[in-house]
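Colleague: I would like to go through this model and ask what stands behind each word used for it. Please set each value against its definition.

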Amino acid sequence: MAMAALRREGRRLLLSPTVPNPSPAAAAARSSVISSPETTPLGVRSISTQVVRNRMKSVKNIQKITKAMKMVAASKLRAVQTRTENSRGLWEPFTALLGDAPTVDVKKNVIVAITSDKGLCGGINSTSVKVSRALHKLTSGPEKESKYVILGEKGKVQLVRDSRKSIEMTVTELQKNPINYTQIAVLADDILKNVEYDALRVIFNKFHSVISFKPTMVTILSPEVAEKESEAGGKIGDLDSYEIEGGETKSEILQNLAEFQFSCVLYNGALENACSELGARMSAMDSSSRNAGDMLDRLTLTYNRTRQASITTELIEIISGASALEG
């Protein structure tokens, strides 16, 4: 109480024009306090310190969240990565048997874009959407038709802005439960029943490492187009080098193989994209945690400087008041 009263008395004497002949020390202190451009009232400095303290608290909370999200993504990544590597052996034999013809020119193209339902995972969704839009432009024309089948909420949100009329089908919450082949096979069958196509072009992000993924496209031709290409002399795959035995015709075999190929490619694409999503989320959350640490260091320095300036101002006021009382 005595210190506060002394501080108030010193401030009153400094600001009063009737103080007679103050000492040189008091006059110098008064001049430095009044003329300094950095000096602000005591209340303003206290509010500034409180604001910085609250900001530091919020940054610490954000840093805790980003670190927790990184740990969750890392724990899920290993299991998904093992299943992804195993699933690659499902559709690769079909590529050798039926071929992969990305440059084939057909009238009805269906672009199956696989994206994620959640964000905070870098640019994997933007990459898939960019590739899908570029492919849509290439496969569209006066006598051609190009449609979208979108898997994932993030791809739907981006593509619906400028391609609402071209969207044939959307599927969300695909990764709500762990991805399994039965779930994907039902989805693939639903797509084949509701969409007319000459070529299915599946776009997904192929996982390479935690910090690396590659946009990939796999083309699946309809049985009719594949048979026409084979009859026209185009070598689609190694199927023509095998002899067909039994009562099934080549068209029926192509129909069955195309359906199974699509479900296998879709299964692998969903796993590859999920693995890339988790890796990208790990990298993004790690960068966010480091940025939060850097911001916290800067805020701590700002807080210490503000607090020290407030203490220095109070000391100057006390000394000035005491000098004025002595004079």
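Colleague: Why is Leu315 called partly exposed?

Modeller: The relative accessible area of Leu315 is 48%. Buried means under 20%, exposed means over 50%, and partly exposed is what lies in between (1.4 Å probe, protein chains only). Leu315 is therefore partly exposed. The residue lies in helix H8.

Colleague: What should I know about the model itself?

Modeller: It is predicted: local features need pLDDT of at least 70, side-chain atom pairs count only at pLDDT 80 or more, and totals for chains, interfaces and linings use all residues. Residues are numbered from 1 along each chain as its sequence is written, and side-chain values use heavy atoms, with hydrogens and water left out.

Colleague: Which residues make the nonpolar surface patch?

Modeller: Ile311, Leu315 and Ile319 make a patch of about 270 Å². Patch residues need over 30% relative accessible area and no salt bridge; nonpolar side chains (Val, Leu, Ile, Met, Phe, Trp, Tyr) are joined within 5 Å, like charges within 9 Å. With its 48%, Leu315 passes the area limit. Areas come from the Shrake-Rupley method with a 1.4 Å probe, and for residues only the protein chains shown count as cover. The protein exposes about 18,400 Å², of which carbon and sulfur atoms supply 56%.

Colleague: How many helices and strands are there in the protein?

Modeller: There are eight helices and five strands. Helices (H or I, at least four residues) and strands (E, at least two) are DSSP runs, numbered from the N terminus. In order, the elements run α-α-α-β-α-β-α-β-α-β-β-α-α.

Colleague: What makes S1 and S2 a pair of strands?

Modeller: Two strands pair if DSSP finds at least two bridges between them. Strand S1 (residues 108-114) and S2 are joined by seven bridges and run parallel, so they pair. Lys108 stands opposite Glu145 in S2. Strand S2 (residues 145-151) also pairs with S3 in the parallel sense, over four bridges; there, Ile150 has Thr170 as its bridge partner.

Colleague: What is the order of the strands in the open sheet?

Modeller: The order is S3-S2-S1-S4-S5, with mixed pairing. Strands S3 (167-171) and S5 (212-221) stand at the edges with a single partner strand each, so one side of each has no neighbour in the sheet. From one strand to the next the twist averages 20°. Axes are lines fitted to C-alpha atoms, for helices over the stretch in contact, and angles run from 0 to 180 degrees between N-to-C directions.

Colleague: Which helix packs on the sheet, touching S2, S3 and strand S4?

Modeller: Helix H6 (residues 181-194) does, and its direction makes about 165° with that of S3. S2 is mostly covered, with five of its seven residues buried.

Colleague: Why does Ser222 count as buried?

Modeller: Its relative accessibility is 2%, which is under the limit for buried, so Ser222 belongs in that class. Ser222 sits in the loop between S5 and H7. Leaving aside neighbours within four places in sequence, Ser222 is in contact with Tyr197 and Asp198; contact means heavy atoms within 4.5 Å. The C-alpha atoms of Ser222 and Tyr197 are separated by 6.9 Å.

Colleague: What makes Glu272 and Arg88 a salt bridge?

Modeller: A salt bridge is a side-chain nitrogen of Lys or Arg within 4 Å of a carboxyl oxygen of Asp or Glu. The closest N and O atoms of Glu272 and Arg88 are 2.6 Å apart, so the pair qualifies. Glu272 is in helix H8 and Arg88 in helix H3 (residues 42-98), 184 residues apart. Both are buried.

Colleague: How do you know that Lys176 forms a salt bridge with Glu173?

Modeller: Their closest N and O atoms are 3.9 Å apart, so this pair also meets the rule. Lys176, at 63% relative accessibility, counts as exposed, and Glu173, with 52%, is exposed too.
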